[in-house]
Amino acid sequence: MGGVFHEAINQLMALMDQVDEPLKRTFQNVHQGYKVETLERFLKARDGNVARAHKMLLDSLHWRLENGIDDILSKPIVPTTLYRGVRESQLIGASGYTREGLPVFAIGVGLSTFDKASVQHYVQSHIQINEYRDRVILPAATKKTRRYIGKCIKISDMSGLKLSALNQIKLVTAISTIDDLNYPEKTITYYIVNVPYVFSACWKVVKPLLHERTRLKVQVLPGCGRDELLKIMDYSALPHFCRREGSRSSRRDGNSNTTEDCFSLDHPFHQQLYNYMKKQPGICESTRPLKRGSVLVEMPLADLKKAEFCRTLESEWKKFQNQDDLYRLHDIKISD
């Protein structure tokens, strides 16, 4: 496929050379000087089909222009107390690098509550982390390793996962759709750790609904995943919830060290990100009203396959919850 794929890159490159200047400028923020590698990502996301990859890329560039994505890093969520609330309820952070130089991002799926800010704040924060990754972290990793680093790994912590998490499935689906359509092929592997039984059971059902390319990237690790992850990174790069075994390894309390907790605003990653945003010049005036530091971003609709995936996950999870409730009823002893 090498020669065919190379020709597809050339065709897509020629098409992109014909776009107007505003699209070319925002495309520069996307490719960061690595145009071929970026075109390759969009082609892979559309199975090598040039026409579909071209449409996907154009749609993404228009989305960036219409939503002011190029300027989003100059619009920190303020005040700081509000941003701290976002960080405490949308658990995501960066803990270090693999031995190959890939950034390690951590996501606290089970304990994210999304209940301390508006939907727009959570979407804004997610996009800002994406843009900071692509414009700052990955270029720095490329420079340090002296070879192109354009992807990362993600470790998702399922500790504390409950049925109530389904209440946020629309928000989570919208965020993942933004990633699928505008930041394709940025993750090499998704590791899932601290998995409760209910997730394992549901995963067997929903896994076949995923695209094969995505399915091959997902690895469900035993326990906190420490032993497997230490094969590709040093202990210092492990997220805090992978450093010790136990279903509560990611439990966050007042006694935890917030500088080691990569989800915390006090962690070096979030301090660097927030300070970077506050120092950016030329904060652009929006033509739309802002709500306490939020940026209004149009949220795309999930495609039919993703919608089917979410419906199936929700249905299966409720089945297991109902079974669990039934088992509890059987255990109740009624005394006279």
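User: Buried means under 20% relative accessible area, exposed over 50%, partly exposed in between (1.4 Å probe, protein chains only). So is Phe263 buried or exposed?
Analyst: Phe263 is buried, because its relative accessibility is 1%. Bear in mind that this is a predicted model, where local features need pLDDT of at least 70, side-chain atom pairs count only at pLDDT 80 or more, and totals for chains, interfaces and linings use all residues. Numbering runs from 1 along each chain as its sequence is written, and side-chain values use heavy atoms, leaving out hydrogens and water.

User: How many aromatic pairs turn up in the whole structure?
Analyst: There are 8, counting Phe, Tyr and Trp rings (six-membered ring for Trp) with centres within 6.5 Å; planes under 30 degrees apart are stacked, over 60 edge-to-face, the rest tilted. Trp63 and Tyr183 are edge-to-face, because their planes sit at 90 degrees, with centres 6.4 Å apart.

User: Where do those two sit in the chain?
Analyst: Trp63 is in helix 4 (residues 50-67) and Tyr183 in the loop between helix 7 (169-182) and strand 4 (187-193), 120 residues apart. Helices (H or I, at least four residues) and strands (E, at least two) are DSSP runs, numbered from the N terminus.

User: Switching to helix 11, which residues are buried?
Analyst: Phe269, His270, Leu273, Tyr274 and Met277.
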